[in-house]
Amino acid sequence: MTEHTSRHYEQDLLVLKEKILLLGGKVEEMIASAMKSLLERRPDLARRVIDSDRAVDSAELEIDHLCLSLLALRQPAASDLRFIATALKIVTDLERIGDLAVNIAERSIELSEEPPLKPYIDIPRMASAASGMVGKALDAFVKRDPNLAREVLQADQAVDDLNVQLFRELLTYMIEEPKNVSRALRITFIAKYLERVADHGTNIAQMVIFMCEGRDVRHPGAQEGAGGGR
Amino acid sequence: MKSSAMVTPRPAREAVSNASPAKVAFGGVSFSYPGRQALSGVTLDVPERRVTAIIGPSGCGKSTLIKSINRIAEIGTEVKVEGRVTIDGQDVYAPGVDLVDLRRRVGMLFQKANPFPKSIFENVAFGPRIHGASRAGDLDQAVERSLRQAALWDEVKDRLGTSAMELSGGQQQRLCLARVLAVDPEVILMDEPCSALDPISTARIEELIEELRERYTVVIVTHNMQQAARVSDRTAFLLNGQLVEVDDTETIFTTPADRRTEDYITGRFG
């Protein structure tokens, strides 16, 4: 894309992009560490994840601030406006993913205090699918590639299916033996958190499509009366 | 305290694309000054009772485009015009067109306010008088109505006899608007009407444009893209004398179709 006549503006937009990517990398790493702490029963790793949430929160504030100053000072239009609007929205998704990583880490600490309920098979698969969606959505953001973003949308169903499947399996554990309930519930929570991570990946991908094409693909059929969203 | 009724949101500007008939239409218009072609093959519909903004870099033909509607682009120079410029379907370049009447129907505001060195009253009464109003009561009425429409009445009603040159820049621009409105125009052209005004005076003029669109067809040339975005229903982007793109203003400023429009409005030009 051609550069802006104002080099400061160009620079600010680049900085915004980099900050988003750094935050994206950070929360992906948090999910990975939280999962590692669960699988390897390492509460020390989990605690590190919990501690890093503060950095995520301050990155969110910083990005919000940068977006607002760009809006106020530059009055962006067209693709720049869509880029900043996208940044402003996906930063919330990224921060939530960080929170979910913290939740996984907390459950992992609790689970490490009891004997393992069962070997983890579907949970790591869910984690890698959900995390892959977030990674790909951010990749699509950087490359301004709406097709890559569409691949993310298609991947969401598989994560939802795994969540349902896992829930059924854990339910049988709970029915069979009441003393399994607390552990099975915690694992169910983790599955739910991962399913939410995938949803945030989907949100990011949808915003990337909006950023690239100017079309809002979030809620088909809900655009009457909402204005815009051609 | 009981809460009051919900605030009614300002209705979104409806899409103009298919809604309004064209008041002014350019059909393949090429316009040349001696040794320089200002417009080439411009085809553009200006919808009735809407605000159409013309944007584009300096020298792209914006001013020529609007000045070709009331034929003041040809004043003091030779010009060559091809294609058709029509108002309500009537070719303004047809032989026998009454230029005085044309310029009454199509009023204009310029970059710099240009009041006559006369009293406030005489500035506004001038037009109706040369167009035949002579009874004092009629003139008084026309002057008051026009000054009210231009949101200037309350500021000047007690000093209508003082010189227009004593008014501030913003007031002078509104006086010029009142002068235009006094002869009951159909189309109002504005060539950078706020470029010499401070932000408050600019906001006043923009507020007026918002009101004018209920009765008049307005075409505004502006370098200030935020102004085009704020006041207009349609925006046309001109480059090197050619029309690159015209669409509803919201579309132009969020998802323009042409790459050159995108580059211009996002500040990537040149």
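A nonpolar core is a set of buried Ala, Val, Leu, Ile, Met, Phe, Trp, Tyr and Cys residues joined through C-beta atoms within 7 Å. The model you are looking at is predicted: local features need pLDDT of at least 70 and side-chain atom pairs count only at pLDDT 80 or more, while totals for chains, interfaces and linings use all residues. Residues are numbered from 1 along each chain as its sequence is written, with chains lettered from A and ligands numbered from 1 in the order in which they are written.

Let's start inside. The largest nonpolar core holds 138 residues, and Ala34(A), Ala101(A), Ala137(A) and Val208(A) have the most contacts within it. Take Ala137(A): leaving aside residues up to four places away in sequence, its partners are Ala149(A), Val152(A), Gly201(A), Ile204(A), Ala205(A) and Val208(A), where contact means C-beta atoms, placed from the backbone, within 7 Å.

Ala137(A) is among the buried residues of helix 4 of chain A, as are Met133(A), Val134(A) and Phe141(A). Helices (H or I, at least four residues) and strands (E, at least two) are DSSP runs, numbered from the N terminus. Helix 4 covers residues 122-143, and its 22 residues reach 31 Å from first C-alpha to last, close to the 32 Å expected (1.5 Å times one less than the number of residues). Its buried residues are covered by elements including helix 1, helix 3, helix 5 and helix 6 of chain A.

Now for the boundary between the chains. Here 15 residues of chain A are in contact with 15 residues of chain B. On the chain A side, helix 3 gives the most, with four residues.

Chain B itself has 10 helices and 10 strands. Buried residues make up 43% of the chain.

For a closer look, turn to strand 6 of chain B (residues 106-109). Val106(B) and Met108(B) point one way, Gly107(B) and Leu109(B) the other, and all are buried. Strand 6 runs parallel to strand 7 (residues 187-191) of chain B, joined by four bridges; pairing requires at least two DSSP bridges. Opposite Leu109(B) stands Met190(B) in strand 7.

Technical notes. Buried ≥ 20, exposed ≤ 12 C-beta atoms within 10 Å, placed from the backbone. Contact = placed C-beta atoms within 7 Å.
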